[in-house]
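Please read the following account with the model open beside it.

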Amino acid sequence: MYVAVKGGEKAIKNAHRLLAEKRRGPKEIPELSIAQIKEQLSLSVSRVMAEGSLFDEDLAALAIKQARGDLIEAIFLIRAYRTTLPRLAYSLPIRTDRMTVERRVSATYKDLPGGQILGPTFDYTHRLLDFDLMETGDGNLSEKSEPDTGESQDSKASETEMPRVLGGLLNNEGLIQAEKLPENEEEHPVGDLTREPLEFPVDRDQRLQNLARGDEGFILSLGYSTQRGYARNHAFVGEIRLGTVSIEILPPELGFTIDIGDLEITECETVNQFQGSKTEPPQFTRGYGLVFGQNERKAISMALVDRALRAKEMGEDIVAPAQDEEFVMSHSDNIQATGFVEHIKLPHYVDFQAELGLVRRMREEQQDAHQQQAQPQQAAE
Amino acid sequence: MSQSTTASSYNYAYLDEQTKRMIRRALLKAVAIPGYQVPFAGREMPMPYGWGTGGVQVTATVIGPSDTLKVIDQGSDDTTNAVSIRQFFEKTANIDTTEKTKDATVIQTRHRIPEETLTDGQILVYQVPIPEPLRFLEPRETETRKMHALEEYGLMHVKLYEDISRHGHIATTYAYPVKVNDRYVMDPSPTPKFDNPKMDNCAALQLFGAGREKRIYAIPPYTKVQSLDFEDHPFEIQSWDEDCALCGSKDSFLDEVILDDKGNRMFVCSDSDYCQSRRDDSISPPVEHTLAQAAQMQSVNSEASK
């Protein structure tokens, strides 16, 4: 028997109580601390900070805990918090060439100034479950790190010893396209999608912001699609670096810069093919990826998609989804996507009733028409 | 960043005043150009996109302490999301709420327009999922904006015509396109076409907020709103063979309630306040029944008639 839809208020309250119980789980198991999440699930924290667009490891860890490990839900919590924060100042551009590097690899040169630094990567792990971790254990921690043979450089290489591959090394020969800088940043300030409405067509600054905030899975698949031939722009990873950079602000009333903290970031620059054109001599082109925290998958994918989205600028035909800025930018945000996809579980019975009425009416009319058609035939027989 | 972890209190009606100013500018533009979609820098809200973030931002922007708010979803004040949005404003704007259409100064709605005629000074705020009426004919924003600018609506008429040639009807039953003030074709949000005539020459201000798509549009009071149609296929609204099983209304939008798995069903008003006040005002039965009782009677009756 149908029970009237009353008592939504009580139902919501009970749902929230159940959710809190589910989040905590059995009481005999110790509760996760924010510090544990922050330090031991740091790649989850990275993703939440990157797609939440807010660099705060503690809040990201809190969001992950509150969201029961659902990272998109955690990103949502961060976004909803971020949007309420006042903009106190805009920082100067970060200098990734002055990064304190933890990892840096180039796929285009065997060796290069500053060296190849492997850093903390899964790249050469064998994906075998480490059953030692089932119990609280230290895993590979007990193994001592082996001293460098001296082939590669010291990992504490200073900034002068680690020039950027694209900007510093390839550019020397003029082999890579020069990045255009706005002539006057007063007149052409860097866009901010969270403050101004998105209107197409857009410039690269807004595209990069959108990609940096975009869903890792979506960007990954789009990047992958370019490699499989949907807007192929064969890419080499010129350089990927992970480390910390300092953020500086320049308060106008002081006239000198102040270091206000550090960011951990992953940066990827790709070297892509380009045939040249009537106006441009043959040269390599670029894609760029930058994300908060450690996330090479996202940084590389972002660089691939960034390059694909530069089709118009390069005079290339737009033939694939990854080149279509309206398609990419309108669908990359997982908070928008998950909201709209999931909203169809909300009541739609008014609209459904309207459709139901029409379908019934059309069926009746069709049936009547068939009967009318059938009757004269029978009469003729 | 340690101070950021302490709980902070939010501004009145959640949005900061700069954001409200930005939205008010968009609203003013929207009112000045009826039916035109104004881009605005929609914020992330503490509820998901698709749950009414556009409507909530508009309501948060126009509401003040002296207002009385009503929130409906599917015509009802009691659906979970309506309850949730009402609680949000009770909490953040410390506002009086009501279920009575006539007592409300601001009404936020999803999928319905109240049955009771709205009056001067009321504001109706619609939650809009896809603001672009041409979206399903042309997915590109760059193209649809051009079509609006050139008043190029032929594609929409072709679509409606194809419906007629294929189905014998215009097969659009909700989000039925309208032309506002003889200029812009507008999506009335997914309200049933039953509600379209209520938009025409309406005394209340109608505001539309699409949060995910970041668009605001409006119909000022007493503005002409015309549902698209053809001379030989005039626009018509839905009607039911049944009356409301609770209040006996013959002219309101009815929801179908399934009673069992044998095909028994009954119909009740989708607008719960309208239905309730009709029952309160009426003297004769079957008005005193609860929905459940009415349902029981209905299935007994239909058993008997077999």
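**Charged pairs, an interface and a sheet**

In this predicted model, the side chains of A:R17 and A:E21 meet in a salt bridge, with 3.2 Å from N to O; a salt bridge here is a side-chain nitrogen of Lys or Arg within 4 Å of a carboxyl oxygen of Asp or Glu. Both residues belong to helix 1 of chain A (residues 8-24), where they stand 4 residues apart, about one turn of the helix; helices (H or I, at least four residues) and strands (E, at least two) are DSSP runs, numbered from the N terminus. A:R17 is partly exposed, at a relative accessible area of 47%, and A:E21 is likewise partly exposed, with a value of 47%.

Residues are numbered from 1 along each chain as its sequence is written, while chains are lettered from A and ligands numbered from 1 in the order in which they are written. Because the model is predicted, local features need pLDDT of at least 70 and side-chain atom pairs count only at pLDDT 80 or more, whereas totals for chains, interfaces and linings use all residues; side-chain values use heavy atoms, and hydrogens and water are left out.

Side chains of opposite charge can pair when their charged atoms come close. Over all chains, the structure holds 51 salt bridges. One of these joins A:E342 and A:K345, whose side chains meet at 2.7 Å, N to O; A:E342 is partly exposed, with a relative accessible area of 35%, whereas A:K345 counts as exposed at 58%.

The salt bridge between the side chains of B:D195 and B:R112, at 2.7 Å from N to O, has another setting. This pair links distant parts of the chain, 83 residues apart, with B:D195 in the loop between strand 7 (184-186) and helix 6 (196-199) of chain B and B:R112 in the loop between strand 4 (106-110) and strand 5 (123-127) of chain B. Are these two residues buried or exposed? B:D195 is buried, its relative accessible area being 0%, and B:R112 also counts as buried, at 1%. In chain A, salt bridges that share partners join A:R164, A:E179, A:R204, A:E267, A:E269, A:R286, A:D306, A:R310 and A:E313 into one network.

We turn now to the place where the chains meet. The contact, defined by heavy atoms within 4.5 Å, takes 63 residues from chain B and 52 residues from chain A. Between them the two chains bury about 4,900 Å², 59% of it on carbon and sulfur atoms, where buried area is the accessible area (1.4 Å probe) that two parts lose on being put together, summed over both. The rule finds 5 salt bridges across this interface, and the side chains of A:R360 and B:E256 meet in a salt bridge at 2.8 Å, N to O. On the side of chain B that touches chain A, the elements giving two or more residues are helix 3 (80-93), helix 4 (141-149), strand 11 (254-258), strand 12 (265-269) and helix 8 (291-305) of chain B. The residues of that side divide into 29 nonpolar, 18 polar and 16 charged, a division in which Ala, Val, Leu, Ile, Met, Phe, Trp, Tyr, Cys and Pro count as nonpolar, Asp, Glu, Lys and Arg as charged, and the others, Gly among them, as polar.

B:S76, in the loop between strand 2 (68-73) and helix 3 of chain B, counts as buried at 13% relative accessibility. Leaving aside neighbours within four places in sequence, B:S76 is in contact with B:V71, B:A82, B:S270 and B:S272. B:K159, in helix 5 (residues 154-167) of chain B, is partly exposed, with a relative accessible area of 26%, and touches B:L137 and B:T172 when residues up to four places away in sequence are not counted. B:K159 and B:L137 are 22 residues apart in sequence, and their C-alpha atoms lie 8.1 Å apart in space.

Finally, in chain B, 7 strands form an open sheet in the order 1-9-8-5-4-2-3, with mixed pairing; two strands pair if DSSP finds at least two bridges between them. Its edge strands are strand 1 (38-39) and strand 3 (96-97) of chain B, each of which pairs on one side only. Strand 1 of chain B pairs with strand 9 (residues 215-219) of chain B in the antiparallel sense over 2 bridges, and in strand 9 the bridge partner of B:P39 is B:R215.

How values were computed. Buried < 20%, exposed > 50% of the residue type's maximum accessible area, 1.4 Å probe, protein only.
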